[in-house]
Amino acid sequence: VVGNITLNGKLVVGESGFIKGNIVCQNANIIGTVEGNISVKELLSLNSTAVVKGDIMIIRLSIEPGATFSGTCRMLDELQKDGVNAIIFQVRPECDALYQSSLEPWSRFLTGQQGKAPSPYWDPLQWMIEQCHQGGMELHAWINPYRAKTKGTTMLATSHVGIQHPERCFTYDDLLILNPGIPENRDYICAVAKDIVTRYDVVGIHMDDYFYPYPAAGQTIPD
């Protein structure tokens, strides 16, 4: 689509979708590419394949690791101007880390290979904390507690919990899940959360996908 889009409902830009123009809407889920500014009244979700080349004006933002956009600092500046006082930042999508961790491997969403440190080195969580604090905003860490592997991940680092303790995980619909019924897994998740709040100046921990995976036809969860 070439041209500006304005609508009162929700806009979804699919994985192969391309919009060259400005967007104004109530809610938006961006999976494909947008070359233009986005103004969303409620919630904007950027999928891991999303590419946004423009400014973003939103109230609530959900960003999956892997999403790219050209104006992070400016986006945070605009959010601060609009009265936003807290940012929720995804740091643990699949028992990995978008921050320095001795408990879990570096995320593949950061470097393309799980367990590989970024080079030149940088710590996305610490960087986001610093950027938010410069604008007087809080930073909250968003983690997925039980999901150990997404469908797109084909190789796990040797230090990953799924390799170290496969007996504590189960597979379902090409996902790897930490079994929540095993006490060691609950203790492990608590240790990860404690590590984050101890070493980083985050205001809170937000847990997503703490429920069982969505049903897949013909498959049974082996719990």
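The questions and answers below concern a predicted model of a protein.

Q: What radius of gyration does the protein have, and which value would a compact globule with 223 residues be near?
A: The C-alpha atoms fill a box of roughly 50 × 45 × 30 Å along the principal axes. For 223 residues, a compact globule would have a radius of gyration near 17 Å, and the value for the protein agrees with this, being 18 Å.

Q: How many helices and strands does the protein have?
A: Among contacts between residues at least 6 apart in sequence, 42% join residues at least 24 apart. The elements assigned to the protein are five helices and 18 strands.

Q: What percentage of the 223 residues count as buried?
A: The accessible surface comes to about 11400 Å², and 52% of this area belongs to carbon and sulfur atoms. A residue counts as buried when its relative accessible area is under 20%. Of the 223 residues, the share that counts as buried is 47%.

Q: How far apart are the mean positions of the positive and negative charges?
A: The protein carries 17 positive and 24 negative charges.

Q: Which cysteine has the sulfur nearest to that of cysteine 190, and how many disulfides does the structure hold?
A: A disulfide is a covalent bond between the sulfur atoms of two cysteines. A search of the whole structure finds zero disulfides. Cysteine 190 is in none, as the nearest cysteine sulfur lies 13 Å away and belongs to cysteine 95.

Q: Is cysteine 190 buried or exposed?
A: The cut-off for an exposed residue is a relative accessible area over 50%. Cysteine 190 has 53%, so this residue is exposed.

Q: Where is cysteine 95 found, and what is its phi?
A: Cysteine 95 is found in the loop between β13 (86-92) and α2. Its relative accessibility is 0%, so cysteine 95 counts as buried. Most residues other than glycine have a negative phi. Cysteine 95 is not a glycine, yet its phi is positive, at about 55°.

Q: Is aspartate 173 buried or partly exposed?
A: Aspartate 173 lies in the loop between β16 (169-172) and β17 (175-178). Its phi is positive, near 55°, although the residue is not a glycine. With a relative accessibility of 24%, aspartate 173 counts as partly exposed.

Q: Which residues does the cis peptide bond at proline 120 join, and what is omega?
A: Most peptide bonds are trans. Proline 120 has its place in the loop between α2 (108-111) and α3 (124-134). The cis bond joins serine 119 and proline 120, with omega at about 0°.

How values were computed. Residues are numbered from 1 along each chain as its sequence is written. This is a predicted model: local features need pLDDT of at least 70, side-chain atom pairs count only at pLDDT 80 or more; totals for chains, interfaces and linings use all residues. Side-chain values use heavy atoms; hydrogens and water are left out. Helices (H or I, at least four residues) and strands (E, at least two) are DSSP runs, numbered from the N terminus. The radius of gyration is taken over C-alpha atoms; the globule rule is 2.2 Å times the number of residues to the power 0.38. Buried means under 20% relative accessible area, exposed over 50%, partly exposed in between (1.4 Å probe, protein chains only). Contact means heavy atoms within 4.5 Å. Accessible areas come from the Shrake-Rupley method with a 1.4 Å probe; for residues, only the protein chains shown count as cover. Lys and Arg count as positive and Asp and Glu as negative; His and the chain ends are not counted. The place of a charge is taken as NZ of Lys, CZ of Arg, CG of Asp or CD of Glu. A disulfide is a pair of cysteine sulfur atoms within 2.5 Å.
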